[in-house]
Amino acid sequence: MSTKRYDVFLSLAGPDRDAVRLLYAALSSAGLTVFIDELEIREYHGITAEIEQALHHSKALMAYYSRHFTSRTACQYELTAAFLASQREGDPTKRVLVLNPHEETDHLLPVELAEDKFDRLPPPHDAATMAKVAALIVARVQPLDGCIGGVPFAQRPRWYGRREGSYEFVGRYRELWLLHSALHRQRFGLTQYASSGPLAMLIGIPGIGKSELAAAYAWHFGAAHLGGVYWISLAGSPADPDAVSARFVDALRSLLAQVGLDVGEAGPDHVRGMFAELVAAKAEPSLLVVDDFPGVALGDELAVPAGSRLHTVLVTNRAAFDGPATPVEIGPMTLTDSVEVLRRYRSGSDAEVEALANRLDGHPMALKLAGRQLRDLSGILSYPQFQQRLDGDATAMAPVRALLRDRIAMLDGAGRRALWLSLVCSPAAVPTVLLQRILGADAEAAVTALRLGLIGTPADDAWQIHSLVRDTAAELLLSAPAAASLDTVAAETADAVLDLLTASGLSPSTESRLVQHAGHLSARPGLGSAVVEALLRRVTEHYDARGEAVLGMPFHVRLASLLPADSDVLAAASRCLLRSGEFTQAEEYGTRAVAADPTPRNRQLLAEALDAQARYVEADRLWTELNPHSIARCRALRLRGRHTDARRALEALIAELLAEPDRFHDLQAAQLELGRAEMETDAQPSARKRARAVMAAYEARGLPTHMHAVEAARLFADTRLSLAFWDLRTDPQVWRDAAEDLRTLRDTYNRTHGPRNHLTLSVAVAHAEALIALGKPGEARRAIKAVEADLTDRLPLLDPVLLRSQVVLGYAAAQCGRSEDATGHFRRAYEGQRDVLGPQHPHTLRTQLNLAINLKLTGHSAEANRIFHQVRRAAPSAVGRSTDLFGQAFVASVLGPLPTSLWRLLGNKPKPAADC
């Protein structure tokens, strides 16, 4: 095995590999020897052994701590090893360097790394930036002596009282690090105040995975307690200090007997002393886990005089937030971890698995029960069918609900009223102001009961009730006489929510939660129509103001159903549907709005809906009567290929809007529209600048999910792509970043808008285009094929997005050397674009040029040369002479007389079959 020494061990997640390659190059250029797994692990050698050896012989670990890093097992293994090694030297961050590529820090673990112990990677993430970062790393690494070594990472402590490890444990790295910090904070008094020894307490509702987390911690952090892991259970012990103490001493007797020590008739103090001596005699610290602790007020019942040589973890279902133990609250699993648990039992589509994981709200026991049933009923019961069963059959989660019934039964009057309140609200956390409005003076007692019962978890200025607790409570209440009172609670809650939403000074998170509850209440039967209308108006106003059209869409539709003759309501629904990518429905409501009141505003909405479906002839009949200076009219000009007119009108409009601060959203919409027009006429740098400015403007306002901000992110990604046949200027890293951004946006739209939504399909095609730019024709073709059925079924035959998918397939075939296939795809796309966009539209001309290139490569020289000259003549008026399109057409027409055989030699070499 190699004993090569390294200055830096680079730890990274797979999706960050491209960015880290730049960092690797910069560090190497700065004179450091760097380990990176893809370069240094030799073929046929064990990965774990190589990594352990490299860690042993590296001065420091450099963690590229992206959000991907947080959930990757290998990354956390490497970080844990380096962290524990540094901890042995007295400073856990001495040999751990962190580079955070995000503005946020909430993903950094453990807390010691998030307290000014990291560097942020500034944009842009290019070679120049990496060189500056490398200089900082050199300054940190050069003073270090020796290597990380000293920790036998693969060695595990011996376990007593329980089997080793946690077989089904998944993820939960945040809680693992929190537990480790709680047990070791007393060692770092200058940075983390501690007034007691290494004693921590895991608390949470039954079945939430506390014991398994303690076992997983003992396994993953074995190097921190090689003296041994000792496991004690106090199950069945009464909640009485004397009984707890006696049960604890009996458990210690059993542990001492396991290691061969005869305690005879020794008294409690002597037994504690013998165990303390056993631990103190070890060369390394030990870990004691006391499971099923009954939650009494902790005094000296569990005292073992072993000092810092013994780390103790108490596991309890009871709240115990005060006392010598540092509390670590264990809540639901993250969505990522929940999905992984389910996938361990049975595979499924992302949407199906995520839907069930969300429904089970991260409860480990529930996830495992569901996973086992899905595994055993594979081929009989699908994920959606199981979720339907879950919603209609109380026995599906019977073991979990049995654990929770006793907890609910313990609630007093105020706590029970708070739980009833949560049942009529949405699953979102219940704001404290709502509890105070409904419960009055009892609100304090209610939240105390929720906290002590571990039924409610504080979340900012609200209380989160676990979904399975709500399900169980609903099951109990619906069979009880008290069920009828829920209607009264719902009516009272609706009035309170409406009052609170008119108040000033609400925090954004509180307002958002109240709106979610308003939306949920509006669908509850029994509320009067006036109350329902008021709730729906509040909800739609909120989402409209925040530009979150897809969230407001169902409420606009319901409000329109409630008020079918109100032209304002119909117009608002049409506008929301249009912005949500539901163009057919937008046309329907726009038509109804025009019928109710044919104002210019309503006719414009209908024209926009027709434009969105590429029904330009029908839309033009409306546009001729409308304001020629609106943003929508400028968009109509761009869609028809009249980019010069659109740009001129938009520039004038933006100048006007800059003088009107109250029209902020209109200004951003105009900037985006001008950016689109610029991008389609090869003015990408200006378009890119506008897109970033719009994103920054909404970020500054705390509206990163506003539809204009999301559209700006799409535009920014598009501007970094260049699919021109001869273009050699674009940095491949820019293409990779754009492809990743578009993939993320596609997945986001898939979750929020649905897989068949027009916007989702549009971004899916754009992502495939990005794969073409990366030279991945096989992946691009498969990406189109994955959505092809939805494209053809959902979109009209001449929809621009559907035609664009043919262009992508043409590029993929061309890159793979299948010029005949490419010609067919480009011809279909060109003929469609010519009919729907017009022959002078930039998209039409670019497709026409690619058609000509492939005609030339297949020996159809006469037709190809004719098309080259057509594009060359049309490009100046369509996009201008200083553009790639005109330059490519000019070069192609000059080279047109050359024989086809020479064109094939000059062209790009086809991709290997493996890439196609």
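The model is predicted, so local features need pLDDT of at least 70 and side-chain atom pairs count only at pLDDT 80 or more, while totals for chains, interfaces and linings use all residues. Residues are numbered from 1 along each chain as its sequence is written, and side-chain values use heavy atoms, with hydrogens and water left out.

Let's start with the sheet. Three strands make up an open sheet in the order β12-β14-β13, and their pairing is antiparallel. At its edges sit β12 (430-431) and β13 (456-458), each pairing on one side only. Strands here are DSSP runs of E with at least two residues, helices are runs of H or I with at least four, and both are numbered from the N terminus. Two strands count as paired if DSSP finds at least two bridges between them. Between β13 and β14 (residues 462-465), which run antiparallel, there are three bridges. Look across to β14 and you'll find tryptophan 463 opposite proline 458.

Now for the cysteines. If a disulfide is a pair of cysteine sulfur atoms within 2.5 Å, the count comes to one disulfide. Its partners are cysteine 816 and cysteine 916, with sulfur atoms 1.9 Å apart. Cysteine 816 lies in the loop between α37 (800-815) and α38 (819-836), and cysteine 916 in the segment after α42 (900-906), so the pair ties together parts that are 100 residues apart in sequence. The torsion about their S-S bond is about -105°, so this disulfide is left-handed.
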